[in-house]
Amino acid sequence: MANSDLSIILPLLGVACWLMLRTKRFNRIYPPGPPSWPLIGNLFRLPAKHPWLRFTEWKETYGRLVYLHGPGVSILLLNDVELVAELFEKRPGIYSDRPRFTVAGDLLELDKLMPLRMHDHGWKLQRKLSRTAMSLDAVKKYHPLLEDIAALLGESLREDPDAFEHHTRLAVSRVILAVTYRIPVATSDNEHVVLAEEAMKVISKATNPGAYLADLFPILKQPHALWFRNEIQRDKRIVQDSLNKPFDHVKKAIAEGSALPSLAKKLLVHEDDKEFVDRHEYEDTVKWLTGSLYLALQVNAVVLTTLLAMAMNPDKQARAQEEIDTVVGTHRVPTLGDKGSLPYVEAFIKEATRWQPPVPLSLGRQTSRDDVWEGYFIPAGTIVFPNIWAISRDGGGKYPAKEFLPERFLDSDPPLDPNSYTFGSGRRICPGNILAEHSVFIFVASILAAFDVSPETDDNGNPIAYNPQFSSGLISFPEDFKCKIQLRSAERGVQVRDRAAAVASYIT
Ligand code: HEM
């Protein structure tokens, strides 16, 4: 071909390519969202606090799919449960990664924790091991342990009811440290409890978009710009200690022949080595998996919300107590064997979880490649949040969504069971859902059986009305609230004391 031909063809080809790209780009229809400005988009409309409330208002305006974008960042909100299933369950190859955070991932190395890990080979191995430990059969083996911890919770509430928040936190820490490592916990200043709680604070902060400037401007992670180096080093040490110390405790006990049954022991002793390169890789996987289970601390959000709901709804509380007195009787405390025979108590817990979902935006996902859904373009790297808050408000019908009405779940046409959305969905559904459900049940049923929970009273003896507030982070806890927790009868007091005295010593 002559040079003169090329000089005509090449520019023409260039123009054709440019036109093609341009047309493709301009043809893309992004999902609807709040008004945006050129260059900066609409991400500045992201509310700083309780974003799920604004997101749920946007659902009314823009529909079930809402899109926000800014320079280099895009966020997609999924406002109904069918849509979440459509994307997370039917397109797992695109919607199963987690968002990448510069500080959490590159600096704190938290991205080896299962909840923050990409959808990679290491995640699959952790997930496989977690199934061994968290299946229904496995959780049933922990029932005596959960009942013992509930008994200790009852005794602490009897002795010092005002410190209820402290007691429920301790009970949940005991569950996780006992199940995972069989570490006894006498008081909440136990080194492992403190480390677990500190580690959760580090994780919550590091996964809060915008908490660190380095997440918005990755250049700042370079060492010369690390004015926050000390903070990062301290946080990294907390996370490492929270993983290593309990893990080493179990390894030492195994070596000495004194290890009691625990999840870590089970996995370390029965190595499932087919998919692992070597023993070191296997142990590392077990360590990061067991450390991931600190996420269980969110169980306390549900227990506290249920307590608040009892205080705010005395008639519903009385109905749940009546059910326990009739089905279980007044001569003993409830056990996990009673789960299934106490529909109103279960409806009460479901309603508390629906009324104030503990993880209102679930844990975000990130698209691993471009996708198109019903004509809308969803770019690779989009952070996707299922709006669990909005989902929990769906299907009110004759039971208004704002009201606390456990009866809605006993109706012949009940709304969606909150257990079907509270724990997420698809490949990354919460692996601890059964342990969580059973722990919450035994704590709540034990409290309902033995105690009356009521609001504080003013100087004239009138109940003080609540204006409940919930925290705004990844996990939404009821914020400082007060209530009176009193034994229902002297007989119940004796039962609580005797049951606690019979608790196995390995828990404390
Ligand atoms: C009421 C208590 C709990 C709630 C509301 C809850 C909720 C959630 C949610 C919404 C997710 C994200 C799921 C998704 O991306 O679709 C999740 C993930 C996870 N949860 Fe839970 N959870 C609870 C208790 C527990 C417990 C007891 C454990 C462990 C013993 C646990 C361990 C985990 C782990 C390891 C993940 C990450 C899974 C992954 O990324 O593959 N959670 N949880």
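Which residue in strand 2 is the bridge partner of Y67? That partner is L76. Before going further, a word on the model: it is predicted, local features need pLDDT of at least 70, side-chain atom pairs count only at pLDDT 80 or more, and totals for chains, interfaces and linings use all residues. Residues are numbered from 1 along each chain as its sequence is written.

Helices (H or I, at least four residues) and strands (E, at least two) are DSSP runs, numbered from the N terminus. Two strands pair if DSSP finds at least two bridges between them.

| Pair | Sense | Bridges | A bridge partner pair |
|---|---|---|---|
| Strand 1 (residues 65-70) and strand 2 (residues 73-78) | antiparallel | six bridges | Y67 and L76 |
| Strand 2 and strand 6 (residues 383-386) | parallel | four bridges | I75 and I383 |

Strands 1 and 2 form a hairpin with two residues between them, and G72 in the turn has a positive phi of about 75 degrees. Strand 2 is mostly covered, with five of its six residues buried (20 or more other C-beta atoms within 10 Å of a residue's own, the C-beta atoms being placed from the backbone).

**Helix 9 against helix 15**

Two packed helices are described by the angle between their axes and the distance between the axes. For helix 9 (residues 164-181) and helix 15 (residues 299-312), the axes come within 9 Å and cross at roughly 145 degrees. These axes are lines fitted to C-alpha atoms over the stretch in contact, with angles running from 0 to 180 degrees between N-to-C directions. From helix 9, F164, E165, T168, R169 and V172 meet V299, N300, V303, L304 and L307 of helix 15; contact requires C-beta atoms, placed from the backbone, within 7 Å. The residues of this contact divide into six nonpolar, two polar and two charged.

Leaving aside neighbours within four places in sequence, V172 is in contact with A296, L297, V299 and N300. V172 and S439 are 267 residues apart in sequence, yet 8.1 Å apart in space, C-alpha to C-alpha.

**Around the ligand**

There are 25 residues around the ligand, and P115, A296, G424, C430 and G432 come nearest (near means a C-beta atom, placed from the backbone, within 6 Å). Helix 15 and helix 19 (433-450) each supply at least two residues of this shell.

Methods
Contact = placed C-beta atoms within 7 Å. Nonpolar A, V, L, I, M, F, W, Y, C, P; charged D, E, K, R; others polar. Buried ≥ 20, exposed ≤ 12 C-beta atoms within 10 Å, placed from the backbone.
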